[in-house]
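Q: Could you take me through the annotated active site in this one? I'd like a close look at just that part.

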Amino acid sequence: MTNYSKLPAILVLEDGTVYHGKAAGKIGTTTGEICFNTGTTGYQEIFTDPSYFGQIMVTTNAHIGNYGIANEESESNQIQIAGLVCKNYNINYSRKMADTSIQNYFEEENLVGISDIDTRSLVRHIRSKGAMNAIISSENLDIESLKAQLAQVPSMDGLELSSKVSTKEPYFYGDEDASTRIAVLDLGIKRNILRNFDARQVYAKVFPAKTTFAEMEAWGADGYFISNGPGDPSAMPYAIDTVKEIIAAEKPMFGICLGHQILALANGIRTSKMHNGHRGINHPVKNIIANRCEITSQNHGFGVVAEDIEKSEQVEITHVNLNDGSIEGIRVKGKKAFSVQYHPESSPGPHDSRYLFDDFVALIKK
């Protein structure tokens, strides 16, 4: 295991801002769009969430690694973030159920990180300047050469990434004898979403991102689920066309996060890149249909354009964000199709929104 504490590392942002710290994880260099998550727990779920593919994660919680790594808490088969930035990087952990330390985990997964920097200062800078690319290196400390390397990294705006993280072959999840069957379009799904369906006696067949509606329909599903995932939703015409066909066929449909954005685009609602995304487990959302509030888990850098929905005759708003008024949920009028921008499976996070899985199952059986 690398003695990271004695090795320097450097973080350079696209706007030229530089932070000096210590190496964490594998010694090397990594690039990606920098973002921050305000959650106080659940770092392993964040590392392995496919929605974070291609992003460098800044954790605002001061201690990372302190409860180790447990294999069963991964949301996918591998680390999905491009790099980690944290304040206190803890190799020693205190949880008996943990399988290994964060340092062993990062070295096995080839994850480059930087610790011992002022993350409060960094987050305030990102909040002010907006989303941007960054580079971390513990092998090259020459700022000018790092800036030159960073200049070659493409913007997240316009990137199609779901096909890179989606399953390559269909697979099944749950009890084959369950009363309800759903077809899942995997744009970067989290395991805990599938666990929530399984807990409700739902048998799922998970399909690759570019599967057509005809291929999914041939299996004989009762309903369709469009998952979360990374990248720019407007760069995914294949998924938009599939959702249009699901709606036209009058099939029950539920979308989460990227799935929410795809449903909007399928109904003529534009999406846009946010100045700063929503990433954390403490975001208040109002369900305006039920007239109640819920604390939600969120992870998205794109959102749907509110003015388009307000003008739409096909779509209505069901949920709004109480921090900034952004759109958090929609449903298609006269159809069995709805979606939310946040993560009701909430892993990590509060379970206020898990009723949405029940709503979908009830919609299928209605």
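A: Here is a walk through that site, residue by residue.

This is a predicted model, where local features need pLDDT of at least 70, side-chain atom pairs count only at pLDDT 80 or more, and totals for chains, interfaces and linings use all residues. Numbering runs from 1 along each chain as its sequence is written, and side-chain values use heavy atoms, with hydrogens and water left out.

An unreviewed UniProt entry lists Cys257, His343 and Glu345 under "active site"; such annotations may be inferred rather than shown by experiment. They span 89 residues in sequence, yet no two of their C-alpha atoms are more than 11.4 Å apart, so they gather at one spot.

Let's start with Cys257, which sits in the loop between strand 14 (253-256) and helix 9 (258-266). Helices (H or I, at least four residues) and strands (E, at least two) are DSSP runs, numbered from the N terminus. At 2% relative accessibility, Cys257 is buried (under 20% relative accessible area, 1.4 Å probe, protein chains only). Skipping residues up to four places away in sequence, Cys257 touches Asn228, Asn299, His300, Val340, Gln341, Tyr342 and His343, with contact meaning heavy atoms within 4.5 Å.

Now Glu345: look in the loop between strand 19 (337-340) and helix 11 (355-365). Glu345 is buried too, at 0% relative accessibility. Beyond four places in sequence, Glu345 is in contact with Lys190, Asn192, Ile193, Asn196, Ile256, Arg354 and Phe357. With Lys190 there's also a side chain to side chain polar contact at 2.9 Å (a pair of N or O atoms within 3.5 Å, one able to donate a hydrogen and the other to accept it; residues adjacent in sequence count only if both atoms are side-chain atoms).

Notes: Buried < 20%, exposed > 50% of the residue type's maximum accessible area, 1.4 Å probe, protein only.
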